[in-house]
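Subject: Model for you, chains B and C

Hi,

Here is the structure for your next look. My notes on one interface follow below.

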Amino acid sequence: MSASTPDATHAPAIAQARRWYWQRISAMVLALCVLIHLAVMVYAVRGGLSAAEILGRTQGNWAFGAFYAIFVVACAAHVPVGVANIAREWWGLGERAARALSLALALLLLVTGLRAVLAVVAPGGAA
Amino acid sequence: MKRRSDSRARSHPAYWAFLMHRLSGLGLALFLPLHFWALGQALHGAAALDRFLKLADLPLFKAAEWGLVVLLALHMMGGVRLLLIEFGNVRDLRKNWIAGAVGFAAAAGIAFALSLWT
Amino acid sequence: MTATLEVKVWRGKSQGGFSAYAVPRQGSQTVLDVVTHIQRHLEPTLSYRFACRVGMCGSCAMTVNGLARWTCRTHVTKVVGNDGRLEIAPLANLPVIKDLATDMTEFFDKWARAKGQFKGTRSRHDDFERIEPASAERVAANAGIECIGCGVCHASCDVVAWRPDYLGPAALNRAWTLVNDVRDVNQAERLRAVAGDAGCHACHTQGSCTERCPKQLAPTLAIAGLKRKVAKAAVRGEL
């Protein structure tokens, strides 16, 4: 079997294959996270929402924090790939613009998401 | 210039599953930054979070929450079907799983609705 | 059942319009019969393609009432409603040469770009290679090799319409049959050719190809197989 090496023309395709792969792996992580999150939400939403109730459960709870941090990272890997596809196929964006959009979205989700996890888990929030 | 298919070519279950998956994903993608921002309000203290949560009592807000839960359940189950098609070794496009996905989303929606309104 | 069919037929190129014809209804009649009647008796300037007229060659594929079909194998009773109306247009997603005939160049170019050609090492002077018919690879290849290149799947796919570079279900299905051909020595090149957004990774499992294929092939599943193989190779750096 000839061991041919890829040239520069194939590099974009290989990068796209990798993005697809990581989007699918994060999808598997998210499937589990979402199942758990749905169950938690159905429970938590009973009797209305209040900061005291929520923070009472989450503050200082580092296991909770770890779980939701993983959730956020998986979202940041998963969501932008799908949005980039929509941008290319439905919104008429070119390859570069779609990649820029997807990177921006990934950073937005990562930063706001981890900030949110920190916000509810960091102990001793002022009332 | 080429001619394109119209909606008649899209009237089959696997296509509806694709559309449902893409639209639910888009809805969730637009919602997520808002969700993270709202929770981040807790950084400013419990009172700040409570101010936002006051909105959560509004009927429109609850309806939107319910809608998002349904979108999430739909997107997840549609995604599980896709993962099984792409990584498993299935014989066909599992249209019965589309029904299962919708069923699961309906169940999740009902469970959430009961939590919200009783 | 009406005595005549009201048939709208596409005239022109990609820009054009539908012309209406009244065609006598027969007891046993295919859409190809309808088109042929129009060209022979009503509109001699109508351009269309057919060859075998028995469902072997794929030349007569057209869009009938919005769905891509083989017109020689489509009985009028299967597609016409109580109102006796038929709408016949050329296949979608390809340039129109004239009326019902499309330019299939791009379809076959994509086939070649997907490395849809077999490349082996043995010559006529060597013994036959022995392939186990029940092996997983051979079963996977057999599931897709009956493709006759009719273009129905390509015409039915929205990703083909949305992404001009996308190789499409037929080319990718053929590539998959060769990926599973253990005699072929061009596998690395082929996997590179079908990778990425111009290749298998742009398939969103809409399933229109599998829904419409007149030979009941499943390009969606072939493409899923390619996705697995390519992604694994890409992540391992073998691509």
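Contact here means heavy atoms within 4.5 Å. On that basis, 25 residues of chain B touch 32 residues of chain C.

This is a predicted model, where local features need pLDDT of at least 70, side-chain atom pairs count only at pLDDT 80 or more, and totals for chains, interfaces and linings use all residues. Residues are numbered from 1 along each chain as its sequence is written, chains are lettered from A and ligands numbered from 1 in the order written, and side-chain values use heavy atoms, without hydrogens or water.

Confidence: the model scores ipTM 0.92 and pTM 0.92. Chain C averages a pLDDT of 95 (the predictor's confidence in each residue, from 0 to 100). In chain C, 100% of the residues score at least 70.

Area: chains B and C bury about 2,500 Å² between them. Buried area is the accessible area (1.4 Å probe) that two parts lose on being put together, summed over both. Carbon and sulfur atoms give 52% of it. Lys2(B), Arg3(B) and Arg8(B) supply 30% of what chain B buries against chain C, more than any other three residues.

Salt bridges: the rule (a side-chain nitrogen of Lys or Arg within 4 Å of a carboxyl oxygen of Asp or Glu) finds 4 across this interface. One of them pairs Glu86(B) with Lys227(C), with the closest N and O atoms 2.6 Å apart.

Best wishes
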